[in-house]
Amino acid sequence: MSMHWERSVKYGVLGPLRACSDAGAEVTIRSRLERTVLATLLVRTGQVVTAGQLVETLWGYRPPSSYASNLQTYVSRLRDRIGARIDHVNGGYRLTVGDDDLDLTLFRRDVTRARAAADPAAAATYFRQALDRWRGPMLAGLSVPLLAPDIAHCELERLDAAEDAAAAHLAAALPATDLLPDLRTLVAEHPLRERPHGLLMVALCRAGRRADALQVYQHAR
């Protein structure tokens, strides 16, 4: 019997793949191949992913002779297990989830609200809410070659949001010392990116640490 949880399952791709009920009970999907199908359809939610793309992602260039029926089985199991709406469209599959049911969608919504906010303090709050949705590297522990460009783009969105969050925090005249650990991490992880260095220098000056700010400048130069 199929379980129709379409409206009650929440999905996460901003970190390890997860699917859980509103009550927080995780839906276990042990099959790596089924998890790969779900991850691919979630990241490209609302888009048609061709059967060929899914086959190549699952098995590379040497799929088993039964690849077509295997793929149909994985999709059918996902429909039953999590009640996902997965439509077969033009030789491919399309997953549809609610606007509030996928962490990537919520992250982008928060970022949009932050950038539209007239008040820097409100913008900082929305940015923090957006960044808190990340639980680690996107789809950590799951290799999905097809999604490499999507993941790179999302990680860049995360970096842009982190920088904008720091700028909003400073514009709102919130305590600069609160920013220092995160900004130092950004500088360490992206040493060739100028903006984190500039934000760190401003935060250090606001915290009364001008000598440290000068050190950051000299290192960046």
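**Exercise 1. Determine how many disulfides the whole structure holds, and account for Cys154.**

Solution. A search of the whole structure returns 0 disulfides. The criterion is a pair of cysteine sulfur atoms within 2.5 Å. For Cys154, the closest cysteine sulfur belongs to Cys20 and is 19 Å away, so a bond is ruled out by distance.

The structure is a predicted model, in which local features need pLDDT of at least 70 and side-chain atom pairs pLDDT 80 or more, while totals for chains, interfaces and linings use all residues. Residues are numbered from 1 along each chain as its sequence is written, and side-chain values use heavy atoms, leaving out hydrogens and water.

**Exercise 2. Classify Cys154, Cys205 and His197 by accessibility.**

Solution. Apply the cut-offs for relative accessible area: buried is under 20%, exposed is over 50%, and partly exposed is in between (1.4 Å probe, protein chains only). Cys154, at 2%, is buried. Cys205 has 31% and counts as partly exposed. His197, at 4%, is buried.

**Exercise 3. Describe how strand 1 and strand 2 pair.**

Solution. Pairing requires at least two DSSP bridges between the strands. Strand 1 (residues 9-12) and strand 2 (residues 18-21) are antiparallel, with 4 bridges. Opposite Lys10 stands Cys20 of strand 2. The two strands form a hairpin with 5 residues between them, and Gly15 in the turn has a positive phi of about 135°.
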